[in-house]
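Here is a short report for a reader new to this structure. Look over the sequence and the model first, then read on.

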Amino acid sequence: YVRFHLISPLIQQSAQNIVLFDTFVNILSHNLGEPAYEADVAQLEYKLVAGEHGLVIRVKGFNHKLPLLAQLIIDYLSDFSFTPAVFEMITEQLKKTYFNILIKPETLAKDVRLLILEHGRWSMIDKYQTLMNGLSVEALSSFVKAFKSQLFVEGLVQGNFTS
């Protein structure tokens with residue numbers, strides 16, 4: 001089991017940054033779908049999670065092939081690229097996801113409660129409005145470049161690994 005948390009102070013600076021981060025993580029997951037398929041067949045698991053403060057990369061499976069999967073994810077992260085068509089598809093999916101959160105009373109109430117309790121939190125309404133106002137491909141590219149330049153990494157490795 002390997003877990004890395006890529007923390008960046010850039011994410012919480014604005015609602016737009018949070019939406020750009022969600023878009024980035026979803027495009028990265030989309031890009032990894034085909035190349036990581038063989039790892040899935042070999043019973044290796046991975047998950048990318050857009051956390052509040054950064055990207056969580058979780059990799060789990062047999063240890064002798066796990067570094068290859070982790071390296072694949074890191075390679076796609078470092079050489080991140082996307083097409084405008086994929087960008088449009090992912091932003092449309094995010095609009096639906098945000099909207100579905102807003103129409104459910106229990107999730108909206110949770111969001112409002114956390115907005116009251118946490119300093120510097122952006123509401124789902126702010127994120128949805130930012131997304132509806134439109135994002136540009138250039139904004140995502142510059143965000144990803146800034147995100148990768150301001151990273152702090154925490155890691156946890158469990159299992160039959162040498163240091």
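## An exposed lysine

Lys145 is exposed, at a relative accessible area of 66%. Exposed means over 50% relative accessible area, buried under 20%, and partly exposed in between, with a 1.4 Å probe and protein chains only. Lys145 sits in helix H7, residues 137-149. Helices (H or I, at least four residues) and strands (E, at least two) are DSSP runs, numbered from the N terminus. Val157 comes 12 residues apart from Lys145 along the chain, and their C-alpha atoms are separated by 27 Å.

## How to read the model

This is a predicted model: local features need pLDDT of at least 70, side-chain atom pairs count only at pLDDT 80 or more, and totals for chains, interfaces and linings use all residues. Residues are numbered from 1 along each chain as its sequence is written, and side-chain values use heavy atoms, with hydrogens and water left out.

Eight aromatic pairs are counted in the model. Rings of Phe, Tyr and Trp (its six-membered ring) pair if their centres lie within 6.5 Å; planes under 30 degrees apart are stacked, over 60 edge-to-face, and the rest tilted. Phe21 and Phe147 make a tilted pair, 5.5 Å centre to centre, with 45 degrees between the planes.

Phe21 has 1% relative accessibility, and Phe147 has a relative accessible area of 0%. One aromatic cluster takes in Phe21, Phe24, Phe80, Phe82, Phe87, Phe143 and Phe147.

## Strand pairing

Strand S1 (residues 2-7) pairs with strand S3 (residues 54-60) in the antiparallel sense, over six bridges. Two strands pair if DSSP finds at least two bridges between them. Arg3 has Arg58 as its bridge partner in S3.

Strand S1 also runs antiparallel to strand S4 (residues 152-157), joined by six bridges. Here His5 has Glu154 as its bridge partner in S4.

## The record

UniProt, in an unreviewed entry, places "domain: Peptidase M16 middle/third" at residues 1-129. UniProt positions follow the numbering used here, feature names are shortened, and annotations may be inferred rather than shown by experiment. Over residues 1-129 the chain is 58% helix and 15% strand. The end C-alpha atoms of that stretch are 38 Å apart.
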